[in-house]
Amino acid sequence: MSLRIFVPRDAGAVAVGADELALALGSAASERGVEIEIVRTGSRGLYWLEPLIEVATPQGRVAFGPATEADAKSILDAMISDGPHPLRLGITDEIPWLKRQTRLTFARCGVIDPRSVEDYRAHDGYKGLERALTLTSDAILADVTASGLRGRGGAGFPTGIKWKTVAQTSADQKYIVCNADEGDSGTFADRMIMEGDPFVVIEGMTIAGITVGATRGYIYIRSEYPHAVEAMNAAISAAKRSGYLGARIGGSAHSFDLEVRVGAGAYVCGEETSLLESLEGRRGIVRAKPPLPAHKGLFGKPTVINNVLSFAAIPFILAGGAKAYADFGMGRSRGTMPIQLAGNVKFGGLFEVAFGITLGELVDGVGGGTFTGRPVRAVQVGGPLGAYFPRALFDTPFDYEAFAARDGLIGHGGIVVFDDSVDMAKQARFAMEFCAIESCGKCTPCRIGSTRGVETIDKIRTGNRVPENIAVIEDLCNTMKFGSLCALGGFTPYPVMSALTHFREDFGPAPTRLQAAE
Amino acid sequence: MAPVYEPWDATRGAEIIAKHTQLEGATLVILHALQEAFGYVPEPAIPMIAHALNLSRAEVHGVFTFYHDFRHKPAGRHVLKLCRAEACQAAGGDALAARAEAKLGISMGNTSADQRVTLEPIYCLGLCATAPSAMLDGRVVGRLDETRIDALVAEAQR
């Protein structure tokens, strides 16, 4: 009997030795004369256990991890004999960290072979497209709107409205663009789904295409993600071979073609208009809005531009799940959010859950605190443009509006955990420095403000006229927030001001204490 | 494995450019393809791209210089990129970056005098749950600690 063993090909697993482990398993099997089939999957998202490998058993898949090359022989023996092993984690689906999740978007990630259309279909893939092909454009739009899905890139704009705008705009050519320029530190959900379940992204984009009448699509992937580029290209080829991309999709009258384009190391290209400029072959300079991309987008044509996770949520919704999706969540944040726990965290990884879970539950309960074992002092939510939250605000529920009410943002759902050794003035400086490096240069508040911000925080850190310079920073942040053209300059004040507001002690003597001393 | 690049050759450059001119918005695709072949984008290629795409030389130069990825000159034999973004900072990345700089005797963004190693910052490899992370000639490495960064540096110096 041949053993089916699943070894992730996900970059996060490869970075900690999954490729070497796969090779070692192969040679251990031939030494033993055992026949094995190694399936390279995506990651289940339990990164502290990576490389996490699984074996198919009659009871379900059994997991082992974190495994190294050196463990290959003993793990293989335990797999063959169904015996005990120190790294044996039991039935994968029963691992509490995984079981607690609500995996709608990530249901197949880490489970299927990301290069096989057949495997995708065997796990409910393409059901959404098949149903969409029987519906009118209006009926699809009604489903997307009913699901309550909002843009998962960070802005949270209702997806149904965006699609409807493009559907109602007439043009000889329309485009679907997938924003896979996942530049935020602490986020990796786009990378994971592209590497682990790329067909779900293709299916979501195809549904968008038939809904709005677009026949061409682009996936703009950042160059820092070579594994994702490879996985998407392989999946696109497979989908073309199976008739799921190209002319007359699935025998219907619709045509849709897809191409991957690779970025070139510019963070600002994650901003949608800058991304469109870059796709057109130009400098990634932000465009002023209006016109909206829905009216004049790629090459001036009506364009649906959505984040990877927004497209990836669509197949579930169109497969009859619109109401089920909307039943999850709180307030105006409907459905689930793939949350990413990163940085100095004990149990880091991807945790997909309904909106409404509190920050504290996520950091302490799910994440288990820091891996250094020191107390959690701050968490940055939403990438380099997201606010730093102190423990005092850990009761904030994960919800677009609740975070906004506390001067933060959920962004793309990344949470970076810091222990008590963090210097928050240094983090504030980094936010300004990063903005200065990555600014496209079009608007003054961002281009100049970020550089002045670095200089001013440097003065504060050396104790130079601290109260006066803090006032300068506050003023500067106000100018950047309200005067910048896009979120890069407009949101850099979030990490800076939150560090200043919640961790004032890191910025030299507080003004009140200074006044008292005088 | 260090990547192997061809020496600049105008005929070969023209061939690479011609292969992509029919694409919509081809400039970045062409720049990537040239860099993949030659290890950098040689100066003489800029007017060639401009001519092929019916753009001004200034426009192509503008695109070339906007993006961090494109190189004006060849990098060292090995390129070591260390993630310097927040998640890796939280996991002790700053100290490891300083250690790599000290071991190599160069600061971030520079190439060692013997042309063996280019050390560069990168802002997020998306390996934030196995931080700190790095990339050596396209190979990703996570959960860096002092031992691992020393091994990576030694490998890059070979």
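Me: Where does Tyr126(A) lie?
Reply: Tyr126(A) is found in the loop between helix H5 (117–122) and helix H6 (127–132) of chain A, where helices (H or I, at least four residues) and strands (E, at least two) are DSSP runs numbered from the N terminus. The model is predicted, so local features need pLDDT of at least 70 and side-chain atom pairs count only at pLDDT 80 or more, while totals for chains, interfaces and linings use all residues. Residues are numbered from 1 along each chain as its sequence is written, and chains are lettered from A and ligands numbered from 1 in the order in which they are written.

Me: What is the phi of Tyr126(A) near?
Reply: The phi of Tyr126(A) is near 65°, which is a positive value in a residue other than glycine. As background, most residues other than glycine have a negative phi.

Me: And is Tyr126(A) buried or exposed?
Reply: Tyr126(A) is buried, because 23 other C-beta atoms lie within 10 Å. The cut-offs, with C-beta atoms placed from the backbone, are 20 or more other C-beta atoms within 10 Å for buried, 12 or fewer for exposed, and anything in between for partly exposed.

Me: OK, over to chain B, what is the phi of Asp137(B) near?
Reply: Asp137(B) has a phi near 45°, again a positive value in a residue other than glycine. Asp137(B) sits in the loop between E4 and strand E5 (139–141) of chain B, and because it has 15 C-beta neighbours inside 10 Å, Asp137(B) counts as partly exposed.

Me: New topic, which peptide bond of chain A is cis?
Reply: The bond from Lys289(A) to Pro290(A) is cis, and its omega is near -5°. Pro290(A) belongs to the loop that lies between H12 and strand E9 (303–307) of chain A.

Me: Which one is cis in chain B?
Reply: In chain B, the peptide bond from Ala131(B) to Pro132(B) is cis, with omega near -10°. The loop that holds Pro132(B) is between strand E3 (117–122) and strand E4 (134–136) of chain B.

Me: How many residues of each chain are in contact across A and B?
Reply: On the chain A side there are 42 residues in contact with 34 residues of chain B, where contact requires C-beta atoms, placed from the backbone, to lie within 7 Å.

Me: Zooming out, how many helices and strands are in chain A?
Reply: Chain A contains 21 helices and 16 strands, and its C-alpha trace spans about 85 × 60 × 40 Å along the principal axes. Of the 518 residues in chain A, 58% are buried. Among contacts in chain A between residues at least 6 apart in sequence, those joining residues at least 24 apart make up 73%.

Me: What domains does the assignment give for chain A?
Reply: The assignment, which is automatic or from a database, gives domain 1 (3–95), domain 2 (117–327), domain 3 (329–419) and domain 4 (424–517) of chain A. Taken over C-alpha atoms, the centres of domain 1 and domain 4 of chain A are separated by 48 Å.

Note on methods: Two residues are in contact if their C-beta atoms, placed from the backbone, lie within 7 Å.
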